Structure formats: C-alpha cells, structure tokens
Amino acid sequence: MQLSRYRRWGILLGLLLFLFVLNLSLGSVKIPFGDIVRILFGEAGSNAIYNDIIWDFRVTKALTCILAGSALSIGGLQMQTLFRNALAGPDVLGLSSGASLVVSLLIMSQAAGFSLFSDPSPWTLVIAASLGAGGVFLMVLLIANRLRDNTSLLIIGLMIGAATASIVSVLQFLSKAEDQQAYLLWTFGSLGSLSWIEIRILFLVLVAGSLIGIFSVKSLNAWLLGDNYARSIGIDISRSRLLIILSTAILTGGVTAFCGPIAFVGLAVPHLTRLIIKTHNHRILLPGVMISGAILMLFCDIVAQLPGSTYVLPINAITALIGAPVVIWIILKAKRVSI
C-alpha cells in the first residue's frame, strides 16, 4: 500500500520534470536538447542566442505554468471543500470577475466617459487586476462576517461575478474595436510575458497563499464533514472560513493579475488528484494538487504551442478544452457530483 502511494508520487514528480523539459524544448527556434541541458546547468550553448531564449523566455514561461497551475489548484481545492461543492472553482467568489472589471475599465476607459491610458503597460494591468480582485475580496469578507451559511455566500459570489460581467459587456458594447481587441487578448490569458521580477512576486504569492492553506489543513478536513462536526472538534468556524477565503483570494488574485483569467484548472485538478492519490486528507491533497496543477498547466501550454507549427493558441482556450471534458468524465464516472 505504502509502496503504491510512493510510486504514484514518483510518477507525478517524474511527469512534472518531463513536461518541464519538454516545454523548454518547444518554440519557434529549434534548440538541440543537449544545448538545453548544458544551459540549464550553467554552461554556454553552441549558439549564444540560445542562452537568452532559454533563460529569458522559455524558463520563465515554464515556471509561470508551474506557479499558476499550483496556485489555481490550491484555490479550487479549498473552495470545493469549503462549499462542499465539486463544481466550485477558485473564481467562484467573483475575484477574477472583479479583476476583469477594473482591467476593462482601464483598457476601455473612453467608453466609461474618461481616458486614463492610451496604451497601459503590463505593470499597470497587474495593478489594476490586483485592485479589482482585492476590492471584491473585501466585499466578500464583509458579507462573510454577516452570513453563517456557506451556500448563501457562494450564491452571492456568483451574483457578484454576474454583475461585473454585465458591466464589462456594456463597456465592450460602447468601446472602440481596438480597445475591445486589447481587452479580449487579456482575457485569453498569457503565460509567456512575465519577467524574472514578476516571477519572484508570483512565487511569493504562491508561498503566502499555500502557507495559509497549510495552516488551515485541520479546518479543511473538518469542513468535509460539515459545520457541526467542525465545531464539535473545536474549530472556530468564522475564523477558519475567513482564512480559507483569504488564501484563495491571494492565490487567485495573484494569478489573474499576472496571467489573466485562466479557467477550469482549479476546477478539474482537485478531482484528478483524488483519482490518482485516492485520499481526502488535505495534508496529502495540498501538495498533490500543487504538483498536478503544475503538470496540467505545462501540458496545456505545450498543446497551445502546437508543436511543429509557428502558431500559439490562447492558453484559456486549451485549459477549457481539456478541463471541461475532464469534469464531465468525472461526473459521469461517479454518477454523482461529490468531493
């Protein structure tokens, strides 16, 4: 039994390493595998430009996949556990929608009756998305303090998302075609535009959100059996719920700010991880979903690059194409939605 569990972890880690190296080997410039290995170990490649391509683009993109996939998967696991709803995702509280609203106001500001930036920089978009996600988080936090029912909180989160989406739709209707296109490109998601400074910040976001999640492991396990059981073993329900929401907000808001809204990863990965690891213990599930989320995001990025082609597809389209069938398959296999 233990050997089988260790074998599963070994397979996951091996697959993560394989996809990481495979991701580095793909791109518009063909780089020999030997050069990739030498560059990763600090040596010079056969062509000086290979070093710049590997370190300044491909490694940063692969690391972004790992960080974003891990963060979204932890957020999805926490939301599914908190709401005891297998179809809950990391954006269920409307955090991604809040980020999208402020970014849309920034890009399509002329449609709202004012003009802020003719060509907003990537850092401006990151700050705007962070402010949007943070604003929705504070709103959810205030509501959570007044509501004791998680189902009501879930519904309110969905309504916040619907309201912000409607405002964005109005802005799109009133804005110019080039502004609509700029916003649409942001919503597609991007994994290959982060600098090393942004990678470090995203890493700190993952560490902060993960530490709160690890601190809440006992509460997460208790939530699986309901509020009454959690209270019976001494869990502070209100404090526990706020910590879980805070962790998810940090993780989801950080990824959305740097990579745009990425769907289905946080929804599908927790289910896939339970199938592989076969446990509901969050002490094991948390590292499991981190590795599985990184694997899925690397795989989606590899597919998005269309190996052998010069085209690159939007990452959001690939995550939906892969994530949606996975969720449907899981539901049909189990014949009921459960966590």
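**Close-up views of a predicted model**

**View 1. Surroundings of Val103.** Valine 103 touches Leu125, Ala128, Ala129, Tyr183 and Trp186, residues up to four places away in sequence not being counted; contact here means heavy atoms within 4.5 Å. The model is predicted, so local features need pLDDT of at least 70 and side-chain atom pairs count only at pLDDT 80 or more, while totals for chains, interfaces and linings use all residues. Residues are numbered from 1 along each chain as its sequence is written, and side-chain values use heavy atoms, with hydrogens and water left out.

**View 2. The nonpolar cores.** The largest nonpolar core has 67 residues, of which Val103, Leu191, Cys259 and Met297 touch the most other members. Helix H13 (residues 282-304) supplies the largest share of this core, 13 residues. A second, separate core of 23 residues includes Val140, Ile160, Ala222 and Ile235. A nonpolar core is a set of buried (under 20% relative accessible area, 1.4 Å probe, protein chains only) Ala, Val, Leu, Ile, Met, Phe, Trp, Tyr and Cys residues joined through side-chain atoms within 4.5 Å. Helices are DSSP runs (H or I, at least four residues) numbered from the N terminus.

**View 3. Surroundings of Ile66.** Isoleucine 66 lies in helix H3 (residues 48-83). Leaving aside neighbours within four places in sequence, isoleucine 66 is in contact with Leu16, Phe20, Ala294 and Leu298. Its C-alpha atom is separated by 7.3 Å from that of isoleucine 295, 229 residues apart along the chain.

**View 4. Leu40 in its helix.** Leucine 40 has its place in helix H2. With a relative accessible area of 30%, leucine 40 is partly exposed, a term for values between buried and exposed (over 50%).

Technical notes: Helices (H or I, at least four residues) and strands (E, at least two) are DSSP runs, numbered from the N terminus.
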